[in-house]
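Please read this short report beside the model.

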Amino acid sequence: MGRPDADPPDVERLARVGLSRVVEPGDLKALQAFDGMPATEVWELLQRKTPGTERWSTRLADADPERDLERAAATGARFVIPGDDEWPEQVEILAEAGQLTRRGGVPYGLWLRGPAHLRRVLEQSVAVVGARASSAYGEHVAAELASGVADNGYTVVSGGAFGIDAAAHRGALAASGVTVAVLASGVDVLYPRRNSALLSRIAEQGLIVSELPPGSRPTRLRFLSRNRLIAASTLGVVVVEAAVRSGALNSAGWAEQCGRAVLAVPGPVTSRMSEGSHLLVRERGAVLVTNVMEIIEALSPLGTRLTTYPMAPKTPHDDLDYDLRRTLDAVPVQDPAPTDQIAGAAGLDLTTTQECLLTLSDLALVEHCPTGWRLPPTTPPPT
């Protein structure tokens with residue numbers, strides 16, 4: 001099936017639309033009450049106001065699935081469910097991932113707004129998350145990393161919030177890459193409002209995703225619920241900056257429970273906004289990353305896309321054998337010294353020292369003067 005809004009709405013789709021309106025995202029009580037039941041059966045139970053479903057009855061009056069689909073279509077949005085071509089099957093790991101902050105479970109469906117194909121763009125994706133009250137350092141790093149992974153064909157997923165989220169989205173867009181914003185509101189409610197221009201651009205070029213129906217407003221618990229979608233949808237989560245109580249650590253926790261990679265960017269040891277990132281590395285086994293290629297290595301199958309360790313440039317001294325290095329170490333920088341004095345300083349016999357000096361002279365690492373040997377003016381002392 002292609003875009004579901006182009007097909008006649010079926011019974012299951014209408015049931016799932018209704019449940020997205022009535023059941024709060026990640027509601028553990030609903031997971032327990034309706035465990036193993038088809039969506040159509042759950043929707044029927046709620047409509048009949050079956051005893052034991054009173055918890056959800058207050059929202060039934062506002063639930064009109066056909067109206068929600070029409071409202072979504074008017075804003076260019078659509079609703080995808082399991083079995084649709086766009087449905088990202090990786091989110092179903094949430095059925096086995098347990099709970100965190102009293103949230104959990106697979107969404108009944110996902111509301112999408114934007115031209116990108118959700119399943120395809122998430123096949124190679126990475127979440128970049130972090131603090132809202134970010135530093136200039138954090139925003140710069142988030143934008144650079146997001147731009148770099150986008151250049152390498154990865155979709156950048158984040159939450160559309162201030163700070164690190166916004167910087168990550170902008171970095172991906174600057175690289176002409178695909179970015180996905182997972183919201184804690186309806187896809188037609190661009191929150192935070194000061195990011196509405198950014199979110200509108202994402203809706204035009206990438207995707208806005210939510211499990212909440214049109215018109216829904218964000219709440220604190222909805223932010224925690226959406227974090228599980230960010231983690232489950234991607235190959236891994238990169239935490240750029242995070243305080244010890246940051247929501248980004250909640251995303252990292254969901255990544256751990258979903259078996260996704262958890263990566264953390266180090267920051268200044270004096271920065272409170274990097275304490276959470278450092279905690280992930282020190283206490284929870286997160287992979288420390290400092291550049292794009294380290295992220296790609298961590299997300300790739302074991303043994304592929306390996307990056308190299310940083311190394312200092314090679315110098316002419318690196319290949320010298322032990323006696324040559326000892327001799328070179330004993331040659332003065334300015335005032336020339338005779339061979340016997342250099343031999344004494346190096347702790348070598350005179351013949352060996354003379355041979356080493358001639359070899360070093362051929363390599364232009366020492367020069368001979370009327371009064372002895374010294375280092376050439378342009379040759380730095382050996383290290």
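What follows covers the sheet, the helix packing and the salt bridges.

This is a predicted model, in which local features need pLDDT of at least 70, side-chain atom pairs count only at pLDDT 80 or more, and totals for chains, interfaces and linings use all residues. Residues are numbered from 1 along each chain as its sequence is written, and side-chain values use heavy atoms, with hydrogens and water left out.

**The sheet**

Nine strands form an open sheet with mixed pairing. Their order is β1-β4-β8-β7-β6-β5-β9-β10-β11. β1 (77-80) and β11 (287-288) stand at the edges with a single partner strand each, so one side of each has no neighbour in the sheet. Helices (H or I, at least four residues) and strands (E, at least two) are DSSP runs, numbered from the N terminus. Two strands pair if DSSP finds at least two bridges between them. β1 and β4 (residues 110-113) run antiparallel and are joined by four bridges. R78 has L112 in β4 as its bridge partner.

**Helices**

Helix α1 (residues 11-22) lies across β1 and β4, at about 105 degrees to β1. Helix α11 (residues 275-284) packs on the sheet too, touching β9 (236-239), β10 (261-264) and β11. Contact means heavy atoms within 4.5 Å. Axes are lines fitted to C-alpha atoms, for helices over the stretch in contact, and angles run from 0 to 180 degrees between N-to-C directions.

Helix α13 (residues 322-330) and helix α14 (residues 339-346) have axes that come within 8 Å and cross at roughly 115 degrees. R326, T327 and A330 in α13 meet I342, A345 and A346 in α14.

**Salt bridges**

The whole structure holds 18 salt bridges. Each is a side-chain nitrogen of Lys or Arg within 4 Å of a carboxyl oxygen of Asp or Glu. Three of them are listed here.

| Pair | Closest N and O |
|---|---|
| E256 and R284 | 3.1 Å |
| R282 and E283 | 3.3 Å |

E256 lies in helix α10 (residues 247-257) and R284 in helix α11, so this pair ties together parts 28 residues apart in sequence.

Are these residues buried or exposed? E86 and R78 are both buried, while R282 and E283 are exposed. E256 is partly exposed, at 33% relative accessibility. Buried means under 20% relative accessible area, exposed over 50%, and partly exposed in between (1.4 Å probe, protein chains only).

Elsewhere, a network of salt bridges links D85, R119, R120 and E123.
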